[in-house]
Amino acid sequence: MERTFVMVKPDGVQRGLVGEIISRLERKGLKIVAIKMLKITEEMAKRHYEEHKSKQFFSSLVSYITSGPVVAMVVEGNNAVKVVRKLVGATNPSEAEPGTIRGDFGLDVGRNVVHASDSLASAEREIGLFFTPDEILSYEREVDRWIYER
Ligand code: DAT
Ligand code: MG
């Protein structure tokens with residue numbers, strides 16, 4: 001079973017979209033195995049977004065992501081990385097398809113509501129940045145036999 005990292009960004013928290021976003025993940029059948037609210041430090045923001053450090057938008061990205069509390073999650077399911085990226089939609093909300101989180105709730109690339117890992121390697125790195133192994137729970141759900149055939 002694959003795991004990915006999802007984060008409701010400060011705008012999503014301020015706009016009261018935490019429940020909506022979690023609900024979409026749950027309705028899809030994905031399982032939340034870790035969750036917490038935190039305020040990201042500047043150092044952590046720079047590590048999380050280190051692949052973008054040479055981009056012109058890097059400093060505004062860091063100040064946006066540290067501007068208020070976020071809700072960080074580890075989400076588990078078949079093909080979780082790809083599935084969650086599809087639910088989240090394109091980076092720029094004005095280009096994201098309706099029905100996706102960004103397509104339904106955003107208009108500006110600098111306020112795109114939610115983060116999701118873009119690969120298995122990123123997922124592992126980002127999960128390790130935000131969670132200790134003991135914060136990630138392993139548990140069974142009876143309903144999984146109605147979500148998965150095997
Ligand atoms: P994603 O969040 O879809 O994985 P990304 O990793 O390319 O997108 O970029 C990280 C974040 O940086 C993105 O969520 C919003 C911001 N960003 C990306 N491209 C940008 C741009 N051209 N101008 C301003 N902000 C941008
Ligand atoms: Mg990315």
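Residues are numbered from 1 along each chain as its sequence is written, while chains are lettered from A and ligands numbered from 1 in the order in which they are written. In this predicted model local features need pLDDT of at least 70 and side-chain atom pairs count only at pLDDT 80 or more, whereas totals for chains, interfaces and linings use all residues, and side-chain values use heavy atoms, with hydrogens and water left out.

Begin by selecting ligand 1 together with the residues that have a heavy atom within 4 Å of it, which are Lys9, Tyr49, His52, Phe57, Leu61, Arg85, Thr91, Arg102, Val109 and Asn112. Sorted by class, this shell holds four nonpolar, three polar and three charged residues.

Next, show the polar contacts (pairs of N or O atoms within 3.5 Å). An oxygen atom of ligand 1 is 2.5 Å from a side-chain N or O atom of threonine 91, an oxygen atom of the ligand is 2.7 Å from a polar side-chain atom of asparagine 112, and for the side chain of arginine 102 the corresponding distance is 3.0 Å. Of the 520 Å² of accessible area that ligand 1 has on its own, the protein covers 75%, with areas taken from the Shrake-Rupley method with a 1.4 Å probe.

Now move to phenylalanine 5 and phenylalanine 130, whose rings form a stacked pair at 4.6 Å centre to centre with 25° between the planes; rings pair if their centres lie within 6.5 Å, and planes under 30 degrees apart count as stacked. Phenylalanine 5 belongs to strand 1 (residues 2-8) and phenylalanine 130 to helix 7 (residues 120-130), so the pair ties together parts that are 125 residues apart in sequence.

Finally, select two backbone positions. Most residues other than glycine have a negative phi. Asparagine 79, however, has a positive phi of about 55° and sits in the loop between strand 3 (70-77) and helix 5 (80-88). Valine 113, with phi near 70°, is in the loop between helix 6 (101-105) and strand 4 (114-116); helices (H or I, at least four residues) and strands (E, at least two) are DSSP runs, numbered from the N terminus.

Key
A polar contact is a pair of N or O atoms within 3.5 Å; within protein, one must be able to donate a hydrogen and the other to accept it, and residues adjacent in sequence count only if both atoms are side-chain atoms. Ala, Val, Leu, Ile, Met, Phe, Trp, Tyr, Cys and Pro count as nonpolar, Asp, Glu, Lys and Arg as charged, and the others, Gly among them, as polar. Rings of Phe, Tyr and Trp (its six-membered ring) pair if their centres lie within 6.5 Å; planes under 30 degrees apart count as stacked, over 60 as edge-to-face and the rest as tilted.
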